[in-house]
Amino acid sequence: MSVSSGRLYLLGCDTGDGIDLEGSDVLARHARLCTHDTGVVIEPVGEAPVSLNGRPITVPTRLRDGDWLALGETLFQVHLPDSEFTRPPAARPRPPGPGKAQAPGDIVTIGRDPHCDHTIDSPLVSREHARLISESGGIYVEDLKSTNGTFVNGQRLTGRAQVQPGDRVAIATFAFVFTGEALEPVDETGRVHVEVRGLYKAVPDRASGGVKHLLDQVNLVFEPGEFAVIFGTSGSGKSTLLDALNGRRPATGGQVLYNGTDLYASFDLFRAAIGYVPQQDIVHRKIRVSRALYYTARLRLPHDTTDEEIEAHIHRVANGQVRD
């Protein structure tokens, strides 16, 4: 879509005289887009779910070229041509990326707590999860004994490590790249792109004494937010494939890539975000669903999660409110 200066546009799937967008969860009138001489601003219509670069917004927010805009779960990338109404004012420099540490002695904290220098609002992230430290010899990332870990190039930190430009740093499942002075987000949504290459599963065949292939050269892709169904006859390999995809029972060969990272080599990076529901019901039958969810949260969420936070998560899940 294209816009011109000095206009107000409605975005949705059936706006009437606005800009219509396709998406199963895009509301008829989902957001307002306002253009003026100093930029382009978007705001939700009512309580419509809108996120910008993985963060929910509820007030008018300025768009920049390359931003990722989500209406519900439907993603769009923003492209703003180099014109007067899209160019930032010269007197208002773009704010630095998250996690910027330049002068020796600078310390930037990262975590779930709003008081951190860079906040990641996710139950997978500890209250104070990690920090970026600038010293005369370089810049270091230090894990603050988080529950779900801090990873540098797929390896979990046990203390701290010096980072170099181009290193990938993951806070739980949220990915950043180190630019030399800052951690710039690769993805702050926590979403996962799954790619499967040449996956196969071989087991001994007792009948013939040879090898039996339960999976053979499987190649597929799951995009973030997709709902996929695997179906087939009994014994056709559905559970074997599912277990290979989630790392519960790894395949014999091939690759399962989560956001471009080998799942089997970096399983700890993703294990906290993987949910698995077996065929047999494992929920305790004599307690309420809310209590079952509470105990699950206590087992899986960071140890510093309060009861109030857990109750809020249970309320959100029980009411079917999907979080970006």
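Tutor: A residue counts as buried when its relative accessible area is under 20%. This model is predicted. Let us begin with threonine 305.

Student: Why is threonine 305 called buried?

Tutor: Threonine 305 has 5% relative accessibility. The cut-off is under 20%. So threonine 305 counts as buried.

Student: Where is threonine 305, and which residues is it in contact with, leaving aside neighbours within four places in sequence?

Tutor: Threonine 305 sits in the loop between helix H3 (289–300) and helix H4 (307–318). With neighbours within four places set aside, threonine 305 is in contact with Arg112, Arg127, Arg298 and Ile310.

Student: How many helices and strands does the protein have?

Tutor: There are 4 helices and 23 strands. The protein has 324 residues, and 39% of them count as buried.

Student: What makes threonine 150 a buried residue?

Tutor: Its relative accessible area is 0%. Buried needs a value under 20%. Threonine 150 therefore counts as buried. Threonine 150 belongs to strand E14 (residues 150–152).

Student: What makes the link between threonine 150 and aspartate 143 a polar contact?

Tutor: The distance between their side chains is 2.6 Å. A polar contact takes a pair of N or O atoms within 3.5 Å. The link between threonine 150 and aspartate 143 is listed as such a contact.

Student: Which residues is threonine 150 in contact with, beyond four places in sequence?

Tutor: They include His129, Ala130, Val141, Asp143, Leu157, Val169 and Ile171.

Student: Which residues have the most contacts inside the largest nonpolar core?

Tutor: They are Ile120, Val163, Val169, Ile171 and Leu183, in a core of 19 residues. Strands E10 (107–111), E12 (130–135), E13 (138–143), E17 (168–171) and E18 (174–178) each supply at least two residues of this core. The largest share, 3 residues, comes from E18.

Student: Why might such residues gather together?

Tutor: In soluble globular proteins, nonpolar side chains tend to be buried together.

Student: What does valine 169 touch, not counting residues up to four places away?

Tutor: Valine 169 touches Val141, Thr150, Phe151, Val152, Val163, Phe174, Ala175, Phe176 and Leu183.

Student: How do you know that phenylalanine 178 is buried?

Tutor: Its relative accessible area is 3%. The limit is under 20%, so phenylalanine 178 counts as buried. Phenylalanine 178 lies in strand E18. Beyond four places in sequence, its contacts include Ile139, Val163, Gln164 and Leu183. Phenylalanine 178 and glutamine 164 are 14 residues apart in sequence, and their C-alpha atoms are 6.8 Å apart.

Student: What makes alanine 70 buried?

Tutor: Alanine 70 has a relative accessible area of 4%. Alanine 70 is in strand E8 (residues 68–71). Leaving aside neighbours within four places, alanine 70 is in contact with Pro49, Val50, Ser51 and Leu75.

Student: How many aromatic pairs does a search of the whole structure find?

Tutor: The search finds 1 aromatic pair. The pair is tyrosine 294 and tyrosine 295.

Student: Why is the pair of tyrosine 294 and tyrosine 295 called edge-to-face?

Tutor: The ring centres are 5.7 Å apart, and pairing needs centres within 6.5 Å. The planes stand at 70°. Planes over 60 degrees apart count as edge-to-face. So the pair is edge-to-face.

Student: Are tyrosine 294 and tyrosine 295 buried or partly exposed, and why?

Tutor: Tyrosine 294 has 13% relative accessibility, so it counts as buried. Tyrosine 295 has 44%. Partly exposed lies between the buried limit of 20% and the exposed limit of 50%. Tyrosine 295 therefore counts as partly exposed.

Student: What lies over the face of tyrosine 294?

Tutor: Arginine 291 does, at 4.5 Å from the ring centre. The distance limit for a charge over a ring is within 6 Å. Arginine 160 lies over the face of tyrosine 140, at 4.4 Å from the ring centre.

Student: Which residues of helix H1 are buried?

Tutor: In H1 (residues 238–246), they are Thr240, Leu241, Asp243, Ala244, Leu245 and Asn246. These buried residues pack against strands E20 (194–204), E21 (211–222) and E22 (253–258), and against helix H2 (267–270). Just after H1, glycine 247 has a positive phi of about 85°.

Note on methods. Residues numbered from 1 in each chain as written. Predicted model: local features only at pLDDT ≥ 70, side-chain atom pairs only at ≥ 80, totals over all residues. Heavy atoms only, no water. Buried < 20%, exposed > 50% of the residue type's maximum accessible area, 1.4 Å probe, protein only. Polar contact = N/O pair within 3.5 Å; in protein donor to acceptor, adjacent residues only side chain to side chain. Contact = heavy atoms within 4.5 Å. Core = buried A, V, L, I, M, F, W, Y, C linked by side-chain atoms within 4.5 Å. Phe/Tyr/Trp six-rings, centres within 6.5 Å; stacked < 30°, edge-to-face > 60°. Lys NZ or Arg CZ within 6 Å of the ring centre and 35° of its normal.
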